[in-house]
Amino acid sequence: MSAAEPVVSVIIASHNAVTTIGDTLESLEGQTARGQCEIIVVDSSTDGTGAFVKEHFPGVRLLEFSSRKFPGDARNAGIRLARGRIIAMTDADCRVGASWLENIIRAHEDSHPVVGGAIACGNPESYVGWGAYFTEFSQWQPSGPPRFLADMAGANISYRKRVFEAQGTFIEGTYCSDTEFHWRIAKEGLRIRFDPSIVVFHRNLERLGRFLGHEFFHGMSFACMRCRAGAFSFGRRAVYALLAPFVFLKLLGCNVVRGIRFGAYPASYVKAYHVTALGILCWTAGEAAGYALGSSGRGAG
């Protein structure tokens with residue numbers, strides 16, 4: 001397969017990732033199926049990430065923007081450039097497994113239009129990092145059998161390009177646009193096939209204050225996106241905000257069930273459990289704030 005005809009287009013949305021994107025790109029350069037892919041970095045950084053990529057990874061297709069791009073906006077720009085029949089995505093703070101591309105191609109040959117992979121902890125030496133990991137990625141641990149899921153993080157997902165041609169692309173000007181897209185394609189009968197052999201290693205936040213603030217903002221962004229996508233009325237937003245204590249209990253309970261059922265790191269889960277619980281609490285508080293703000297909130301752009 002020639003470089004002019006890639007099977008897979010890998011899209012990486014980056015923002016101020018100069019300290020981590022080198023590991024991401026090195027792991028992609030070392031792929032067993034490297035000759036079958038093109039790598040597209042869509043960068044909107046202010047820390048020199050674009051210059052770093054140009055200097056150290058000249059074979060990467062780099063698209064630069066002077067203003068900050070939301071992840072969905074950046075991924076849409078990459079999709080427009082992509083030449084592969086499979087669009088794979090990971091983040092600029094991830095390393096991919098040595099057979100990541102090979103396993104993605106194999107999974108799509110089994111007629112699955114959307115394929116998600118496992119997310120492993122990329123900084124296991126960090127105590128707070130473990131709590132951050134279990135808060136955000138517990139349902140995608142590298143364990144359990146292949147299965148179908150309703151949602152998948154953008155850190156490790158791939159699509160047949162025709163999915164975007166048929167269903168449109170990510171909504172722009174908001175965070176959590178990947179979740180909205182997955183809700184949208186589910187209405188058309190498309191399901192995400194989770195394959196735990198397709199693995200990335202995600203580097204998680206290590207400072208407690210920054211992690212908790214991130215979870216609050218992430219929860220608020222999710223609620224604002226949901227209000228925008230569902231055209232929530234004021235009354236519906238108020239009800240969802242008031243249900244926040246029950247949302248916290250539900251999310252915490254689901255997290256524990258996943259930790260038991262699919263737990264790849266049981267000892268670390270127990271050790272970092274109270275950090276995970278704090279993260280879920282901050283997410284829930286942010287979600288309640290997002291419903292109060294509605295689609296006009298910062299999380300919706």
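**Tour: helix pairs and a crossover**

Select helices H8 (residues 208-230) and H12 (residues 273-293). They pack at an angle of about 35°, with their axes 6 Å apart. Axes here are lines fitted to C-alpha atoms, for helices over the stretch in contact, and angles run from 0 to 180 degrees between N-to-C directions. Helices (H or I, at least four residues) and strands (E, at least two) are DSSP runs, numbered from the N terminus. The model is predicted: local features need pLDDT of at least 70, side-chain atom pairs count only at pLDDT 80 or more, and totals for chains, interfaces and linings use all residues. Residues are numbered from 1 along each chain as its sequence is written, and side-chain values use heavy atoms, without hydrogens and water.

The H8–H12 crossing is right-handed (the near helix is turned clockwise from the far one by less than a right angle).

Show the contact (heavy atoms within 4.5 Å). H5 supplies Val128, Gly131, Ala132, Thr135 and Glu136. H8 supplies Leu208, Phe211, His214, Glu215 and His218.

Now move to strands S2 (residues 37-43) and S3 (residues 61-64). Four bridges join these parallel strands; pairing needs at least two DSSP bridges. Pick Ile40: its bridge partner in S3 is Arg61. Then trace the chain from S2 through helix H2 (residues 49-56) to S3. This β-α-β crossover is right-handed: with the strands pointing away from the viewer, the path from the first strand over the helix to the second runs clockwise.
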